[in-house]
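Welcome, and get your viewer ready for a short tour. We will stop at a few selections and look at what is there.

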Amino acid sequence: MTVSAGPRGPRWRVALAAALIMAAAALLVGPAGPATAEPGDSATDDEGGSTSLRKVLDAANRGFVDARVKLDNSKRRQLELGLKLKDLETRHAALSVELGAVTSRAYRYGRLTSASVLLEADSPDAFWQRAALTDQLARLEAKQLRRLRDSRADVTRAKAAIDAEVRTQSKQLAVMARRKQDAERALRAAGGGRPSGGYVAPNSPLAKPAPRGSDGSWPRESCTIDDPTTSGCVTPRTLHALNQAKSAGYTRHSYCHRSGGGGEHPKGRACDFSAAKGGFKNENATGGDRTYGNNLAGYLVKNANRLGVMYVIWYREIWQPSTGWRSYSGGGGPAATHTNHVHLSMQ
């Protein structure tokens, strides 16, 4: 007996079952449209780059900032040395005048020997007075000579120290230039790196400075503080930046620590700030959301030196201390291109 292949046969029932399964799946998934998701949920790199790119940018920016701190310290020492040199030269000039006066007085009274003192003195009292004055002038002249010699040595040392600071500054400027080239080269290799207008917020409030080392550098920090945005951890400096941004009015949803993936998030040194009020949407920010992101990016850059910012990424652009704003071509959706959130990485 032949099995029918018509509408009521087995093939029809298989097709009907498949259609019902597809319809049920569609109902479970829902219609296509914006979806709330953290940036790290994307299958693409959560910072829009590669591990090698992040490694180069990290080294370039840390090296640049460290060199800039050394440069600033050297300039400060040079200024202090310059003021000290000015005082030393003024004192040296005064000592020279004093020595001249002492020497003139000594020659006016004459360089007396014991014999001449005895011969020229007309009484014992005159002898002792003349001898005492001669000894006093000799001692004073010797003292002034020593002071003048020491003063001259101080001036010479101060000048040498200033010359050393100038050499230090030249060295650190060369390091900064090299680090900048490293960052630009890495960005170009990733398809970006072109100078861009960036985001500026000159009217933003100044953030409270984060603690620095005694030499003005940024101490290395570990992920030791509870992250208020997740169940993970952040560094003290990252938490400080997050709180300062909130104090400045940037209170929309943020997300810092992430256990997986690369970049700074797993280290507790990064935060993502959603542009939309309701959280991270899988769509490009527009209108007021775009303005919010622009202002936040500008605020973070304005206070970068106060907070210890390593880089900021927003709307296909990246700001770094070494390069300023540059194009950043992270591929993928809004999360990878940073068109739905502002990314902050800390020193």
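Is Cys223 buried, partly exposed or exposed? Select Cys223: its relative accessibility is 23%, so this residue counts as partly exposed, given that buried means under 20%. Keep in mind throughout that you are looking at a predicted model.

A disulfide joins Cys223 to Cys233, with the sulfurs 2.0 Å apart. Look along the S-S bond: the angle about it is 115°, and the link of Cys223 and Cys233 is right-handed. Next, color the surrounding elements. Cys223 sits in the loop between α4 (124-189) and β1 (225-226), while Cys233 belongs to strand β2 (residues 233-234), so the bond ties together parts that are 10 residues apart in sequence.

Move on to Cys256 and Cys271. Here too you will find a disulfide, with an S to S distance of 2.0 Å. The torsion about the S-S bond of Cys256 and Cys271 is about 100°, so this disulfide is right-handed. Cys256 is in the loop between β3 (254-255) and β4 (270-274), and Cys271 is in strand β4, 15 residues apart.

Finally, zoom out to the whole chain. Switch to cartoon view to find 8 helices and 8 strands. Of the 347 residues, 41% are buried. With the surface shown, the chain exposes about 19100 Å², and carbon and sulfur atoms supply 56% of that area.

Note on methods. Residues are numbered from 1 along each chain as its sequence is written. This is a predicted model: local features need pLDDT of at least 70, side-chain atom pairs count only at pLDDT 80 or more; totals for chains, interfaces and linings use all residues. Side-chain values use heavy atoms; hydrogens and water are left out. Helices (H or I, at least four residues) and strands (E, at least two) are DSSP runs, numbered from the N terminus. Buried means under 20% relative accessible area, exposed over 50%, partly exposed in between (1.4 Å probe, protein chains only). Accessible areas come from the Shrake-Rupley method with a 1.4 Å probe; for residues, only the protein chains shown count as cover. A disulfide is a pair of cysteine sulfur atoms within 2.5 Å.
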